[in-house]
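Here is a short briefing on a protein model, written for quick reading. Topics run from the whole chain down to single residues.

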Amino acid sequence: MFQTLVNAFKNKEVRTKILITLGLLLIYRLGCWLPVPGISASWYGDSQQNDTFLGLLSAITGGALQNGAFLAIGISPYINASIIVQLLTIAIPKLEQWSKQGDEGRKKITNVTRYLTLVLAVAQATGIVVSCAQSNGISNAFFGGNTPVWLIGIFVAVMLVAGSMFTMWLGERITDYGVGNGISLLIFVGILASAGQAILSIIMQIPSDATGVKIWELIGFLLMVVFVFAFIVFVDLAERRVPIQYAKQVKGRKMYGGQSTNIPIKVNAAGVLPIIFATAIWTFPQLIMSMFWPNTAFYGWWMRWMGTGTPIYSVVVGLLIFAFSYFYAQIQFNPEEVARNIQQYGGFIPGIRPGKPTADHLSKISKRLTFFGALFLAIIAIVPSVIFALVLENASLINAFSATGMLIVVSVALEFDKQLESLLMMKQYKGFLK
């Protein structure tokens with residue numbers, strides 16, 4: 001990967017794309033530190049200590065929520081909107097029709113995603129403002145003592161929604177003029193920023209620690225993180241290659257076919273989506289109760305027995321990860337369609353008859369790989385978080401190095417490397433043709 005970066009900076013056009021990407025990411029990080037008047041800064045810290053969901057959201061946005069910044073809710077509404085639209089594409093015939101219309105259809109789906117992003121951003125900003133108002137976190141220091149609380153709340157909500165839409169716009173500009181998927185890079189930078197701040201906070205405590213426990217805690221934590229990252233990379237790159245043999249065909253005086261290829265089926269084809277779905281569904285009631293009924297007995301019971309980090313939470317989330325992994329595998333890989341395409345182009349799997357036997361064989365392979373992929377996601381989602389929670393006392397470190405965050409960092413880094421390699425390859429072919 002480092003050699004790819006060196007080669008990329010040697011090419012002028014690719015170097016320009018990288019610099020544009022870095023410039024837009026710098027603007028995003030500046031927006032994560034630009035404060036929004038109207039909410040007390042202490043409310044953010046207190047709410048994140050009591051609510052793991054808000055703490056995780058702050059980690060993904062690079063601490064923007066903790067700082068009460070303009071980009072506090074960041075790109076999370078766009079991520080949720082993209083996932084919802086992707087699922088609705090299977091259920092709604094009109095969206096499915098658009099998905100098969102090429103660039104024109106993708107533009108229509110993109111517009112639907114943008115509108116849904118606006119709706120989700122308004123809902124999320126409203127929830128944050130209502131929760132803040134109930135906790136006496138509204139501050140009128142900037143507006144004056146006579147300004148109504150509801151007016152300050154509207155102003156804060158509008159600013160948070162505007163920040164979310166601006167973040168979406170930055171991500172699209174990175175995709176158009178920079179390198180790779182802009183939305184993924186924004187999340188990547190936010191997670192790395194949160195992790196860097198959390199590690200720096202421990203390093204600052206080392207000189208005042210007479211026992212020397214902090215430095216060993218930091219070393220052990222970093223070794224554990226390296227091991228988890230290596231495990232994620234190993235599984236993320238793992239794939240089963242199904243061999244395909246194409247029969248020879250004589251057309252006129254020429255002979256076609258007779259080639260051997262393979263169908264790569266990834267072990268973790270669903271990526272991080274099953275974890276996002278599972279945690280979002282199970283933490284949604286917790287989020288609603290923390291915003292509207294934070295002092296009720298039922299909320300206290302839920303947090304004690306069903307909340308984040310409890311044994312019941314780990315079991316339920318693990319089962320939901322398995323369910324969503326199989327669901328996403330069925331959406332992404334259709335054995336009947338693949339078998340039909342293989343047969344149509346004169347191919348076959350050695351030892352397997354074309355048609356339904358081929359579809360059954362591919363389905364069997366897909367289900368086995370999905371099981372191991374789901375087991376991997378369940379282990380990554382539960383085990384490291386539990387170990388970190390037992391070993392570490394720093395909540396920001398636990399949120400920054402959550403399973404979702406580590407999977408996203410690895411996936412985006414691998415995707416960024418592939419994007420650079422494809423750009424360099426395209427420029428080399430272009431120069432060769434000239």
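This is a predicted model: local features need pLDDT of at least 70, side-chain atom pairs count only at pLDDT 80 or more; totals for chains, interfaces and linings use all residues.

Residues are numbered from 1 along each chain as its sequence is written, and side-chain values use heavy atoms, with hydrogens and water left out.

**Whole chain**
- The protein chain has 17 helices and 5 strands. These are DSSP runs numbered from the N terminus (helices: H or I, at least four residues; strands: E, at least two).
- Of the 434 residues in the protein chain, 44% are buried. Buried means under 20% relative accessible area, exposed over 50%, and partly exposed in between (1.4 Å probe, protein chains only).
- Take contacts (heavy atoms within 4.5 Å) between residues at least 6 apart in sequence: 72% join residues at least 24 apart.
- The accessible surface is about 23500 Å², and carbon and sulfur atoms hold 66% of that. Areas come from the Shrake-Rupley method with a 1.4 Å probe; for residues, only the protein chains shown count as cover.

**Sheet**
- Three strands form an open sheet in the order E4-E1-E5, with antiparallel pairing. Strands pair if DSSP finds at least two bridges between them.
- Strands E4 (260-266) and E5 (347-348) are the edges, each pairing on one side only.
- Strand E1 (residues 239-246) runs antiparallel to E4, and 7 bridges join them.
- Glu-239 has Lys-266 in E4 as its bridge partner.

**Thr-358**
- Thr-358 sits in helix H15 (residues 356-391).
- Thr-358 counts as buried because its relative accessibility is 2%.
- Leaving out residues up to four places away in sequence, Thr-358 touches Ala-339, Ile-349, Ile-352 and Arg-353.

**Aromatic pairs**
- There are 6 aromatic pairs in the structure. Rings of Phe, Tyr and Trp (its six-membered ring) pair if their centres lie within 6.5 Å; planes under 30 degrees apart are stacked, over 60 edge-to-face, the rest tilted.
- Phe-298 and Trp-302 are tilted because their planes meet at 45 degrees, with ring centres 6.4 Å apart.
- Both lie in helix H12 (residues 297-305), 4 residues apart, so about one helical turn separates Phe-298 and Trp-302.
- Phe-298 is partly exposed at 48%, whereas Trp-302 is buried at 10%.
- Phe-322 and Phe-371 also make a tilted pair, at 5.8 Å centre to centre and 55 degrees between planes.
- Phe-322 is in helix H13 (residues 311-332) and Phe-371 in helix H15, so this pair ties together parts 49 residues apart in sequence.
- Phe-322 is partly exposed at 22%, and Phe-371 is partly exposed at 37%.
- Ring pairs link Phe-298, Trp-301 and Trp-302 into a cluster.
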